[in-house]
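Welcome, and thanks for taking a look at this one with us. Please have the sequence and the 3D view open as you read on.

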Amino acid sequence: KRLELKYGAQYTGKRTDAAMNKWRSNRFGQFIHWGLYAIPGGVWNGKTYNYAAEFLKSSAHISTATWDSLMYKFNPKKFNAKEWAKMAKKMGVKYMTITTKHHEGFCLWPSRYTDFNISNTPYKKDILKEIVDAYNAEGIDVNFYYSVLDWHNPDWRYDIKSKEDSIAFRRYLDFAENQLKELATNYPTVKAFWFDGTWDASVKKNGWWTLEVEKMLKSVRPGVIINSRLRADDYGSRHKDSNGELMGDYESGYERRLPDPVKDIKVTSWDWEACMTIPENQWGYHQDWSISHVKSPLELLEMLVHATSMGGNFLLNFGPKGDGSIRSEEQNIAKTIGDWMAVNGQVIYNCDYAGLKKQDWGYFTREKGSNQLNMVIFNVPVSGLLHVDVPKGMILKKAHFLTTPGQQIKVEEIAKNQYLLHMPIKLYTSPQVIVVECDNGKENANKYQ
Ligand SMILES: C[C@@H]1N[C@@H](c2cn(-c3ccccc3)nn2)[C@H](O)[C@@H]1O
């Protein structure tokens with residue numbers, strides 16, 4: 001039975017306005033985690049802490065006063081926003097999401113509502129504006145990550161257990177809403193807000209505020225896009241309301257994981273985005289990446305294709321150093337992925353779920369409105385035979401490698417709604433793309449009756 005909700009989903013189905021269509025067609029984004037945590041980089045008093053570097057304050061049990069004094073050391077001598085943006089452009093991202101304020105509470109912009117911000121560092125200048133302008137100049141959309149959880153602000157509460165808790169937390173919610181209004185007003189090209197740090201009881205008990213913030217941002221910046229992670233409904237239900245309807249404009253629950261192509265196929269019916277770290281679990285810069293697996297460019301590229309094949313966006317994280325430079329591992333990943341995207345980007349940008357059953361050899365994507373099916377092959381079968389099951393009435397016609405349109409690939413119909421594509425057997429060292437002309441004609445539908 002459907003519940004009457006005051007703070008639930010505001011609409012159902014995918015947004016189809018120009019701003020959301022652009023967000024969706026972008027598909028590939030760069031996440032940037034940059035703050036005071038990048039200065040120690042996971043090491044404190046000579047000890048390396050293996051947990052996520054942006055959590056060093058809690059891992060090393062550092063007092064807020066000591067941690068906050070890092071502000072007086074923030075002076076990124078090697079920072080160059082244009083270089084960051086050029087690297088991102090070459091990687092092939094169409095958007096970038098940056099931590100304006102992470103859990104530590106330090107603000108990369110000169111906020112009027114707290115002194116704990118960039119203007120009180122040796123750097124002084126509005127570094128957020130420099131970054132926004134540099135990325136926009138490269139044609140890359142910029143989105144703002146904002147942590148509601150705030151370790152610095154004394155009015156923050158994890159739960160509301162007393163009158164003074166609710167008075168203090170109300171002050172905090174006003175502070176956060178003012179900061180968000182400031183961001184939406186002063187950086188008019190911002191396209192989306194990525195909320196984090198909203199899992200505590202204090203926020204779940206104030207679902208009204210999460211809707212108020214969504215409405216405020218959409219009135220200050222019409223068309224702006226809000227992730228589901230901000231939202232809690234009348235009963236504290238998050239991401240999806242108590243009627244199971246998605247709140248916000250896209251689902252942002254996939255953090256360091258992707259939906260399963262079979263079990264989670266229902267995600268193809270709403271907009272969603274997965275965010276991913278290069279190491280096992282480091283968002284902020286960590287000095288020592290030997291402490292965990294570091295994903296290869298090909299592992300990450302497969303995740304990007306996987307996300308696109310299920311109608312989702314992929315947000316790959318970079319953690320610049322405290323001095324503003326980008327570590328060599330991240331530079332290498334940007335280059336390798338970028339080289340592939342330069343040739344094959346058309347199977348990612350403006351592409352979506354193709355409506356075919358997942359096969360072992362890789363992923364299908366399809367450009368909106370196109371009768372061309374894209375096959376991105378990561379696992380070449382020893383037989384060289386790529387099995388394809390098509391929906392009833394769909395016919396596969398000619399096929400070729402994206403890069404050699406003149407050389408046909410044999411398409412063999414082997415049974416009702418089943419084909420094999422004959423891929424030349426050889427050593428492939430990068431993901432292969434085959435494009436297939438297909439037809440949803442009905443004339444052959446009953447061929448195997
Ligand atoms: C997008 C990512 N979300 C932040 C995070 C993750 N977590 C967390 C905390 C406990 C268990 C699992 C996840 N807390 N904050 C990470 O710091 C990063 O910003």
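Predicted model: local features only at pLDDT ≥ 70, side-chain atom pairs only at ≥ 80, totals over all residues.

## Around the ligand

| Residue (polar side-chain atom) | Ligand atom | Distance |
|---|---|---|
| His33 | oxygen | 2.7 Å |
| Glu54 | oxygen | 2.8 Å |
| His103 | nitrogen | 2.9 Å |

Taken on its own, the ligand has 430 Å² of accessible area, and the protein covers 70% of it.

## The nonpolar core

Let us move on to the packing. The largest nonpolar core holds 101 residues. Within this core, the members that touch the most others are Tyr135, Phe144, Tyr146, Phe193, Phe195, Leu217 and Leu316. Which helix gives the most to this core? That is α6, spanning residues 163-186, with eight residues. Domain 1 (18-350) and domain 2 (354-439) each supply at least three residues to the core.

## A buried threonine

Next, a look at strand β12, which runs over residues 362-367 and includes Thr365. Is Thr365 buried or exposed? Thr365 counts as buried because its relative accessibility is 0%, and buried means under 20%.

## Two residues with positive phi

Arg27 sits in the loop that links α1 (18-26) to β1 (28-32). The phi angle of Arg27 is near 65°, a positive value in a residue other than glycine. With a relative accessibility of 0%, Arg27 is therefore counted as buried.

Asn417 belongs to the loop between β16 (408-415) and β17 (418-422). Here too the residue is other than glycine and phi is positive, with a value near 60° for Asn417. How does Asn417 come to be classed as partly exposed, and what is its relative accessible area? The relative accessible area of Asn417 is 21%, so this residue is partly exposed, given that buried means under 20% and exposed over 50%.

Key. Residues numbered from 1 in each chain as written. Heavy atoms only, no water. Polar contact = N/O pair within 3.5 Å; in protein donor to acceptor, adjacent residues only side chain to side chain. Areas by Shrake-Rupley, 256 points an atom, 1.4 Å probe, with all protein chains shown as cover. Core = buried A, V, L, I, M, F, W, Y, C linked by side-chain atoms within 4.5 Å. Buried < 20%, exposed > 50% of the residue type's maximum accessible area, 1.4 Å probe, protein only. Helix = DSSP H or I, 4+ residues; strand = E, 2+ residues; numbered from the N terminus. Domains from an automatic or database assignment.
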